[in-house]
Amino acid sequence: MLVGSSHWDCCTRVSKLVASTPRTGCPWSEMSSCHGLAAKTTEARWAKSLWKYQNSTSPNKNDLEKSIESYTKAIEIDPQSTRAYCLRALSKGLLKDFIGTLEDCSKAIEINPHYEDAYFLRGCIKVKGLKDIDDGIEDLSKAIVINPSNAKNYIERGTTKLYDKDDFK
């Protein structure tokens, strides 16, 4: 994220770019810089951005709803953008819209069956949001198969396996 910028500022900036340059890919480089992502290393840096966002000051409901609108506009421009689907899924998850999160993650996986972060986020939502432990572990395991060197996938799956299913009820 740009220094001194809030998540909402970044989404607003992207929305303005999207509105001013319809049907082009121009906003993506700007969206990447807003979220601290480099175009060529999207996958690796997306996880860092996700971590920073989750551990920053909690955004309010209006900010999240506006970010969902921004990502929806981005998806209208580029319906094949797995990153836009996952970022919208993250915002939906923070609003506890677990079904919407699953749908967006599943769409990202449909577009790119090797998109590790979509499996990770979907697995986390299945475990923590929907209490579907077995399916959540399955998604986290797929993330591990895709990228066996990413420790966060092992940590999340291992933590889930440590607890009895009754602990998640």
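The largest nonpolar core in this predicted model is made up of eleven residues, and a reader who wishes to find them in the structure can look for Ala74, Ile75, Ala84, Tyr85, Cys86, Ala108, Ile109, Tyr115, Ala118, Tyr119 and Ala143. Two or more of these residues come from each of four elements, namely helix 4 (61–77), helix 5 (82–94), helix 6 (98–111) and helix 7 (116–129). Among the contributors to this core, helix 5 gives the most, with three residues.

One member of the core, Ile109, can be followed in more detail. If residues up to four places away in sequence are left aside, Ile109 touches Ala118 and Tyr119, which also belong to the core, and Ile109 touches Arg122 as well.

Apart from the eleven-residue core lies another core, and this one has six residues, including Ala89, Leu102, Cys105 and Leu121.

The chain has 169 residues, and buried residues make up 44% of them.

How do the parts of the chain meet one another, and what share of the contacts with a separation of 6 or more joins residues 24 or more positions apart? Such pairs account for 54% of those contacts.

Terms used
Residues numbered from 1 in each chain as written. Predicted model: local features only at pLDDT ≥ 70, side-chain atom pairs only at ≥ 80, totals over all residues. Heavy atoms only, no water. Buried < 20%, exposed > 50% of the residue type's maximum accessible area, 1.4 Å probe, protein only. Contact = heavy atoms within 4.5 Å. Core = buried A, V, L, I, M, F, W, Y, C linked by side-chain atoms within 4.5 Å.
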